[in-house]
Amino acid sequence: MRRGTPSPADLAGMEAALRLARAAAVREEVPVGAVLVRDGEIVAEGHNETIHRRDPTAHAELLTIQRALAHDGTDRLANATLYVTLEPCAQCAGAIILAKVERVVFGAWDARCGMAGSVHDLLRDPRLNHRPEVIGGLLAAECGELLKRFFLARR
């Protein structure tokens, strides 16, 4: 996990993901947003749609990866960074690996389902053929607060 001052590009990517997470909350979806960026441009974006689609797999990362692959007409996302407001789960970590996303930058840690160091570190498992660069905790307080407020309102 790289530490230090985040780049302006990483901050912009996470701010874009946060905007989508807020949009998810408005739709009463768990507020997680994701954007995929290549060469400074957003290629695809998404937020959780599990409730709207009645599909527990409709996570922000998975939808964003699917849209990026469709946009590119390929099955690989080399030279791309995925920004997501919550540490990826096992499903999303698997999709990231299979799509060969080069970098993953996430906000809040997920002590229950996180697969980038919290519960397990699937994204950097040395047995796998692809291991993206992972930067965790970028704007973690903002990302975590959005999730906390969302769940408090439902209790």
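I take axes as lines fitted to C-alpha atoms, for helices over the stretch in contact, with angles running from 0 to 180 degrees between N-to-C directions. Helices (H or I, at least four residues) and strands (E, at least two) are DSSP runs numbered from the N terminus.

The model is predicted: local features need pLDDT of at least 70, side-chain atom pairs count only at pLDDT 80 or more, and totals for chains, interfaces and linings use all residues. Residues are numbered from 1 along each chain as its sequence is written, and side-chain values use heavy atoms, leaving out hydrogens and water.

**Helix pair**

I looked up α1 (residues 8–26) against α5 (residues 140–153). Their axes come within 11 Å and cross at roughly 5°. The two helices are therefore roughly parallel to each other (angles under 35 degrees; over 145 is roughly antiparallel, 65 to 115 roughly perpendicular, the rest oblique).

Next I listed the contacts (heavy atoms within 4.5 Å). From α1 I find M14, L18, A21, R22 and A25; they meet E142, C143, L146 and F150 of α5. By class, I note seven nonpolar, no polar and two charged residues in this contact. Nonpolar covers Ala, Val, Leu, Ile, Met, Phe, Trp, Tyr, Cys and Pro; charged covers Asp, Glu, Lys and Arg; the others, Gly among them, are polar.

**Positive phi**

Which phi does D39 have? I read a value near 55°, positive in a residue other than glycine. D39 sits in the loop between β1 (33–38) and β2 (41–47). D39 is exposed, at 72% relative accessible area (exposed is over 50%, buried under 20%, partly exposed in between; 1.4 Å probe, protein chains only).

I then checked N79. Its phi is positive, about 60°, and N79 is not a glycine. N79 lies in the loop between α3 (60–72) and β3 (81–86). N79 counts as exposed at 53% relative accessibility.
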